[in-house]
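Keep the sequence and the 3D view side by side as you read.

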Amino acid sequence: MSNSVAPTPGAAVSQDRQWDRLMQMAEIGAIPGEGVNRACLTPLDREARRLLIGWAQAIGLSVSVDPIGNLFLRHEGSDPEAAPVLTGSHMDTQPNGGRFDGIWGVIAGLEAVQAIRESGTPIQRPIEIVAWTNEEGGRFAPGCMGSMAWSGDKPANTWDAVTDPQGVTFKQALLEHQQAEADLPRRTLGPAAGGPKPAFYLEAHIEQGPRLEAEEMDIGVVTGIQGSRWFVVELRGETAHAGTAPLGLRKDAVQDMIRAITALNALMTDPQDVLRFTVGRIEVSPNTSNSVADLVRFTIDFRHPDKDVLLMNGDAVENTVRGAVKHCEVTVTERFHALPVEFDAVVQNAVEDAATAQGLKTLRLPSGAFHDAQFMVPICPTGMLFVPCRKGISHNPAEYSSPEQLAAGARVLAAALAELANR
Ligand SMILES: [Zn+2]
């Protein structure tokens, strides 16, 4: 073996190349404070995809897109008929997002595949890097549309009528996107269209939580993802003059909202502090200081790793609200429902073994945030690896992982992908 050839895929990972690509990507949609605002299916999204495609083609990967805009970059193995190993994440960001959430999983996939190629590591299965459409749900809600459609969790036309804040439908935005990428080869919608399933799915992501940093760990071996249920509660009362209407005659939507949230807090009490319950958005109408509110709409984001708790408490939300309010009409709508998933032991072990072999410290932990990987679990053995991020901050310009932390993650990803591609 010549000295210029790196002996392992991990050793062929380039910290500088990966960091440089991330910083180039961060310029597309840059916002003040080192943040990024790059919504899905926008010209900025397409610019980022073209940059990625250029890097992939320069090293000989083949490019294709599916009907919902998921983008695939393929490295051939020795057996082109073998089911591929799939890796990747998403390229869209939250409106006030950072430089690493999602995009690192895609760039790390490219870095890992490039390292496998440059090290001359023989692999049997093809490896495909995927960038899923609309993971964040920032422009079109909910998120994970690309992975949900691809896996067959929901039909691809489910969200056609969903609009962005400007009133553009998802269907229109997707059509425009497809026209702008008409030169790219098309592929079918994967397993959802009866296509072949991948052999494995492994997604790399920043932790988005504080544990790896606090416990001075290098790599998170993700054991699963907790379940999420999102609701919108609408309370309809009656508006009145704040100075004249007697309290006893009012149908005050804000007062009923307080009763409802107080009752929900009691429902969601968890001495172990495992349960996550958030009311993060409240709309009040008419929203003036001297009028009684006739309408309140508030969101509930409820998460738990235990399916039974998720179902029991989630199913109790509507009756809890109804039992608490005094005067208002109540409507409760469920907007998102994802059961908890557990990741595959083979994929977890591939990550752990790759990290340990490189002298890195690992921690097994569940994911509090949801990810595209959630929807791969019914399709094939699935797993994720995390790298630490500063103070656990994400969805914010302050989001940060160091070049060294991200390079360690890419080295583990490269070794684990090579291992899985020979299984
Ligand atoms: Zn993400």
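Which residue is the bridge partner of S285 in β14? The partner is L295. Before going further, two notes on the model. It is predicted, so local features need pLDDT of at least 70 and side-chain atom pairs count only at pLDDT 80 or more, while totals for chains, interfaces and linings use all residues. Residues are numbered from 1 along each chain as its sequence is written, and side-chain values use heavy atoms, with hydrogens and water left out.

Start with strand β14, residues 295–304. Helices (H or I, at least four residues) and strands (E, at least two) are DSSP runs, numbered from the N terminus. Two strands pair if DSSP finds at least two bridges between them. Strand β12 (residues 282–285) runs antiparallel to β14, and four bridges join them. Strand β9 (residues 227–236) also pairs with β14 in the antiparallel sense, over ten bridges. There, F231 has I300 as its bridge partner in β14. Strand β11 (residues 276–278) pairs with β14 over three bridges, again antiparallel. F277 is bridged to F302 of β14. Strand β14 is mostly covered, with eight of its ten residues buried. Buried means under 20% relative accessible area, exposed over 50%, and partly exposed in between (1.4 Å probe, protein chains only).

What packs against these strands? The buried residues of helix α8 pack against β9, β11, β12, β14 and α10 (317–324). Contact here means heavy atoms within 4.5 Å. Helix α8 covers residues 253–267. Its 15 residues reach 21 Å from first C-alpha to last, close to the 21 Å expected at 1.5 Å a residue. The expected span is 1.5 Å times one less than the number of residues. A253, D256, M257, A260, I261 and L264 are the buried residues of α8. Seen down the axis, they fall within an arc of 135 degrees, so they line one face of the helix. That arc is taken from the directions from the helix axis to the C-beta atoms. An α-helix has 3.6 residues a turn, so residues three or four places apart point the same way. On the other side of α8, T262 and A266 are exposed. At the start of α8, a side-chain oxygen of D252 comes to within 2.9 Å of the backbone nitrogen of V254.

T320 counts as buried, at 17% relative accessibility. Beyond residues up to four places away in sequence, T320 touches A263, L264 and L267. The side chain of T320 also reaches the backbone oxygen of A316 at 2.6 Å. This is a polar contact: a pair of N or O atoms within 3.5 Å, where within protein one must be able to donate a hydrogen and the other to accept it, and residues adjacent in sequence count only if both atoms are side-chain atoms.

Now turn to the metal. The zinc ion is coordinated by H90 (NE2), D101 (OD) and H205 (NE2), at 2.0 to 2.2 Å. Donors are N, O and S atoms within 2.8 Å of the metal (3.2 Å for Na, K and Ca); water is not among the atoms, so sites may look incomplete. Along the chain, the donors follow the spacing H-x10-D-x103-H. H90 lies in strand β5 (residues 85–90) and H205 in strand β7 (residues 200–206), so the pair ties together parts that are 115 residues apart in sequence. H90 is buried at 0% relative accessibility. H205 is buried too, at 1%.

D372 leads on from H90. It sits in the loop between β17 (362–367) and β18 (382–387). D372 is buried, with a relative accessible area of 0%. Its contacts, leaving aside neighbours within four places in sequence, include H90, S89, W132 and E203. D372 and E203 are 169 residues apart along the chain, yet their C-alpha atoms are separated by 8.4 Å.

Last comes helix α3. Its 16 residues should span 22 Å at 1.5 Å a residue, and its end C-alpha atoms are 23 Å apart, which agrees. Buried residues of α3 include L52, I53, W55 and A56. Just after α3, G60 takes a positive phi of about 90 degrees. L61 is buried, at 5% relative accessible area. Among its contacts outside four places in sequence are A56, L73 and L110.
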